[in-house]
Amino acid sequence: MKTSIVFKGTIVLTCFLGITACTSPKVKINYPTTDLSQAALIPKPLNMAPAYSAFGLDSTTVILTTATEDFKKVGQFLAEKIGSGWDLNLPVNASEETTAERTIFIYQTDSLAMDAPEAYELYINNDSVLLSARTASGAFRGIQTLRQLIPEQPNDTLAPQPMWLIPSGRIEDAPNFAYRGAMLDVARHFFTVEEVKKYIDILAYYKYNAFHMHLTDDQGWRLEIKSWPKLTTVGAQTEVGGGPGGFYTQEEFKELVAYAAERHMQLIPEVDMPGHTNAACFAYPILDGTGKELKNYTGTRVGFSTFDAQKDTVYTFLDDVIREIAAISPSPYFHIGGDESHATKKGDYIYFVEKVEQIVQKHGKRMVGWNEIAQANISSSSVAQLWNEPHNALKAAANGSKIIVSPATKAYLDMQYDTESKYGLHWAAYIPVDDAYNWDPATFVEGLPRESILGIEAPLWSETISNSAELEYLAFPRAIGYAELGWTPAEQRDWEDYEKRLVGQLPFLNSNNINFYRSQRVAWENP
Ligand code: TNX
């Protein structure tokens, strides 16, 4: 078949599909290309072997999957994304035997070279795409790679119908870290279910597998708790700056959990305590441990509120809250916050964390907390999230706990890029796009053993943002770089190579209406 490749409306190369090496590596063309090694893939896959030809995706292409429900769903997800992004309606498992010329196979196998649960292999031939994985999560990561390989516009000008050329070759891929998360603070400002879904969907495209929701803080309590209704009838009605606040019903929360699960992401709920609890104490003053007059709070100060760690009622309350949330939250983790409890006496804080850990475990979950929780004698199944105290991360690791690496100076999405950025804070640092990329979560905490690191997470605190456009301004493009820090080993990361692939995300960012920050440090326009 004769095939032409068009770049910006001009035919720059004509080649014959099926003949390998039709794009000579010496021919300098931009995008699209049939050289798989030049594809704008983020995170960069572990191993790639280009075959310098292409698979032609068109309306005759069919998707076939292993017959289990989870693999079928992966096939359907791919079909939906190809439908909405490229206006192609591809059948999934329409018949057992196919006579279709072009097939995308998504199948389960136990004989994969790599043993990580999210590993996958992708063979792109001229007439078939073979995606194999041990688990549906692996297959799901693999279809993100495939989506990233489909050019924005049909680029085979001689084909009778529109055809999108996907560069052929072989990819073997697996993540460097098991945990690759992003956090959204929905307490300082409330974000609607639709806004949260949009963020989750973008993160899934970059192979994130965890979404942590900071559900409560001084300024608002955002999740319905049926046994303590005033948490939301009273505690959800405020936010930073005095806006109307809001909350998720348990049904809406389940909808978010399911939406993340469809993207093979776990949703980790956080109820921040014993500090950051003004909204809960304002709703139920019996919980308060400050003894001061309680008012609702719409400012941005931290460290002034606390539960009363010596009151039984507080633990009865927490047992109810954690039981209700655990029942609708399939993640093995429950995040108890534990940060900046400056209004809690140190002894009370330690007593509190140890008691709450037992409640979390009683409801079948592993506790996660910000690095301060390592002051207590926490169990080795609990996880500490490093944000500002390496010594506490080291202490937790020495006790056998795993660590999530989220240093404020490198991984905080709410830090301004530079003095010009419209949103964000800068108490920890200014974090330009290249600085966000140029560090290594594996070595950031000196002396922290690699085996102790569960992974990386990028928190987005919302004091200065209140809608999708503002969220996206801070999150993107930095969250795309954090995806690569979590997935791709340090030896394969390089800013200049990454920068080119980041520029290659423009079609995705623009067509999905993502309000990313056009940092001056990135050469956004192709030379
Ligand atoms: C510190 S980081 C906090 C949050 C703020 C954030 C703002 C952490 C565990 N606590 O309460 O929102 O700084 O950057």
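About 30 Å³ of space lies in the second largest cavity of this predicted model, a cavity being a set of points on a 1 Å grid over the protein atoms alone where a 1.4 Å probe fits but cannot get out. Volumes here are the space filled by probe spheres set on the points, with grid points joined across faces, edges and corners. In total, the structure holds two cavities of 30 Å³ or more. Lining residues, meaning those with an atom within 4 Å of a point, are Asp218, Val234, Gly235, Thr238, Asn278, Ala279, Phe282, Asn296 and Tyr297 for the second largest cavity. By class, that lining splits into four nonpolar, four polar and one charged; Ala, Val, Leu, Ile, Met, Phe, Trp, Tyr, Cys and Pro count as nonpolar, Asp, Glu, Lys and Arg as charged, and the others, Gly among them, as polar.

A note on the numbers: this is a predicted model, in which local features need pLDDT of at least 70 and side-chain atom pairs count only at pLDDT 80 or more, while totals for chains, interfaces and linings use all residues. Residues are numbered from 1 along each chain as its sequence is written, and side-chain values use heavy atoms, with hydrogens and water left out.

On to the ligand. It has 13 residues around it, with Arg188, Tyr412, Asp414, Trp427 and Glu463 the closest; a residue counts as near if one of its heavy atoms lies within 4 Å. This shell comprises seven nonpolar, one polar and five charged residues. Polar contacts are pairs of N or O atoms within 3.5 Å. Glu340 places a polar side-chain atom 3.2 Å from a nitrogen atom of the ligand. On its own the ligand has 360 Å² of accessible area, and the protein covers 97% of that (Shrake-Rupley method, 1.4 Å probe).

The second largest pocket has a volume of about 380 Å³. A pocket is an open set of points with protein on both sides within 12 Å along at least five of seven lines. Its lining counts 18 residues, and Trp86, Pro507, Phe508, Ser511 and Asn512 lie nearest the centre. Eight of the lining residues are nonpolar, seven polar and three charged. Helices (H or I, at least four residues) and strands (E, at least two) are DSSP runs, numbered from the N terminus.

Most residues other than glycine have a negative phi, and most peptide bonds are trans. Asp87, in the loop between α1 and β5 (103–108), has a positive phi near 60°. Asp87 counts as exposed because its relative accessibility is 70%, where exposed means over 50%, buried under 20% and partly exposed in between. His264 also has a positive phi, about 55°, and is found in the loop between α5 (250–262) and β13.

Met273 and Pro274 are joined by a cis peptide bond with omega about 0°, Pro274 being in the loop between β13 (266–273) and α6 (278–283). The bond from Phe476 to Pro477 is cis as well, with omega near 15°. Pro477 belongs to the loop between α12 (468–475) and α13. As for helix α13 (residues 478–487), ten of its ten residues are buried.

How values were computed:
Polar contact = N/O pair within 3.5 Å; in protein donor to acceptor, adjacent residues only side chain to side chain. Buried < 20%, exposed > 50% of the residue type's maximum accessible area, 1.4 Å probe, protein only.
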